[in-house]
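Thanks for coming. I have one structure to go through today, so please look at the sequence and the model together.

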Amino acid sequence: MTGLPPAAAPDRPVRVAVAGHPVRVPVADRPVRVAVAGLGWAGREIWLPRLAAHPAFEVTALVDPQPALRDRARDTHAVPFAYADVDDLPAGAVDLVVVAVPNHLHATVAARLLRRGVPVFLEKPVCLTSAEAELLADAERDGGAVLLAGSAARWRADVRALAEAAGGLGPVRHVDVAWVRARGVPDAGGWFTRRDLSGGGALVDLGWHLLDTVLPMLGPDTRVSHAIGSVSDDFVNDSAAHAAWRSEAGTGGRSRGDVEDTARGFLLTDGGASVALHACWASHEALDRTTITVQGAAGSATLRCTFGFSPNREPTAALTRTRDGETVPLPLPAEPIGTEYDRQLDALPGLLADPASRGAAAAEARRTIDIIERIYRSARHTEPEREHALAGHRDR
């Protein structure tokens, strides 16, 4: 950990000054003390068991408003403390909080912690609006703590292999990216399909992963100048399309969802490259699949795999490169489902200690949510716009 003071008490965090703020980072000779806030599916099934098993972390606290969830998780993973709210966490008790609360609480809960000077690892979607992106940026700056963001897809070995292959194709001209599930509407009857609690459907959920994968391939300074798209909801209220492998605890009775199950977007960059995006919770396909094709001036590369944890998936990932009419397979390492999350945890202590991490997650979130907002705006006319269009039609 370059730049850290050479000596510190083994049971206390080191404080370093970053941009004038004292920032608490873990010392190298003990695990990162972490709290998990939010014990829904992601917190309970993805992050908590992995953190509890990882030698670089010590889960010292759980936070969730539901006592039954807190007690069950505390007993299962032998966590010493549990609280109903993040404000109940004692000062200096943790080095990091993994925030995996429902979408509509992501930004506000993370901002409350950041303003207290508590570092945060925030599940995607990092924010639901551009205003929330600014809230997070302000909280990170004011509190002097670092915001890190969940970005599992880019830690996949096959995605990294695709990026490496694309690097040899010359300037990127176009990217096709799709995550299409056969049946995978999450959390039937719960918050996931309520727009006021989730911020959106497949575009916010799967689309965030897709954008997080594709945008780095276009270059860090590339600006998306145009973003349009369409949405549809043919499957969101069809019980046969629900994800049997994923459910949220305590969601209560089923209610009708008001979010899209399918979104399509088209992006143009200021450099002339384009992106076609397809995010789909349910479809008429037989398997859940993720497909990314990068077309460059000197050829193309295609990855076919399945993101996420669905058991209804492509049996193996495949990467190919096409040049001058010849398509060849490229080698891919085999890895168990979910390895990308373990790999991200491997990197977290270093990111937490790196001053260059400050501001990076908020900047990426600002770019991503701006694209999502523009696709939604183009896909849904407001009532005044619709009335104007109808009036124009009647006047013809």
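Predicted model: local features only at pLDDT ≥ 70, side-chain atom pairs only at ≥ 80, totals over all residues.

The chain has 396 residues, and 52% of them count as buried. In secondary structure, there are ten helices and 16 strands. Among contacts with a separation of 6 or more, 73% are between residues 24 or more positions apart. The accessible surface comes to about 17,400 Å², and carbon and sulfur atoms hold 53% of that.

Now the first helix pair. Two packed helices are described by the angle between their axes and the distance between the axes. Please find helix α3, residues 106-115, and helix α4, residues 130-143. The two pack at an angle of about 15°, and their axes are 8 Å apart. An angle under 35 degrees counts as roughly parallel, and α3 and α4 are therefore roughly parallel to each other. Their crossing is left-handed.

Which residues of α3 meet α4? They are A107, T108, A110, A111, L114 and R115. On the α4 side, the partners are E132, L135, L136, D138, A139, E140, D142 and G143. Sorted by class, this contact has seven nonpolar, two polar and five charged residues.

Let me stay with α3. Is α3 mostly enclosed or mostly open? Seven of its ten residues are buried, so α3 is largely enclosed by the rest of the structure. The buried ones are H106, A107, V109, A110, A111, L113 and L114. What covers them includes the strands β6 (96-99), β7 and β8 (147-149), together with helix α4. After α3 comes G117, with a positive phi near 85°.

L122 is buried, and its relative accessible area is 0%. What does L122 touch, leaving aside its neighbours within four places in sequence? Its contacts are V99, H106, A110, L136, L147, L148, A149 and G150. A110 is twelve residues away from L122 along the chain, and their C-alpha atoms are separated by 7.0 Å.

K124 and P125 are joined by a cis peptide bond, with omega at about -10°. P125 lies in the loop between β7 and α4. Most residues other than glycine have a negative phi, and most peptide bonds are trans.

Helix α1, residues 41-53, packs with α2 at an angle of about 35°, with the axes 11 Å apart. The crossing of this pair is right-handed. From α1, the contact uses R44, L48, P49 and A52, and from α2 it uses L69, A73 and H77. By class, that makes five nonpolar residues, one polar and one charged.

A78 has a phi of about 55°, and its place is in the loop between α2 (67-77) and β5 (81-83). Is A78 buried or exposed? A78 is exposed, at a relative accessible area of 64%. The other one is D324, where phi is near 50°. D324 lies in the loop between β15 (318-323) and β16 (326-330). D324 is exposed too, with a relative accessible area of 84%.

Last, a residue with partners from elsewhere in the sequence. A297 is in the loop between β13 (289-296) and β14 (299-305). Its relative accessible area is 51%, and the cut-off for exposed is over 50%, so A297 counts as exposed. Setting aside neighbours within four places in sequence, A297 contacts L169, G170, P171 and R173. How far apart are the C-alpha atoms of A297 and P171? They are separated by 5.6 Å, although the two residues are 126 residues apart along the chain.

To recap the helices: α3 and α4 cross in a left-handed way, and α1 and α2 in a right-handed way. That is what I had.

Key: Residues numbered from 1 in each chain as written. Heavy atoms only, no water. Axes fitted to C-alpha atoms, helices over the stretch in contact; angles between N-to-C directions. Helix = DSSP H or I, 4+ residues; strand = E, 2+ residues; numbered from the N terminus. Parallel < 35°, antiparallel > 145°, perpendicular 65-115°, else oblique. Left-handed = near helix turned anticlockwise from the far one by under 90°. Contact = heavy atoms within 4.5 Å. Nonpolar A, V, L, I, M, F, W, Y, C, P; charged D, E, K, R; others polar. Buried < 20%, exposed > 50% of the residue type's maximum accessible area, 1.4 Å probe, protein only. Areas by Shrake-Rupley, 256 points an atom, 1.4 Å probe, with all protein chains shown as cover.
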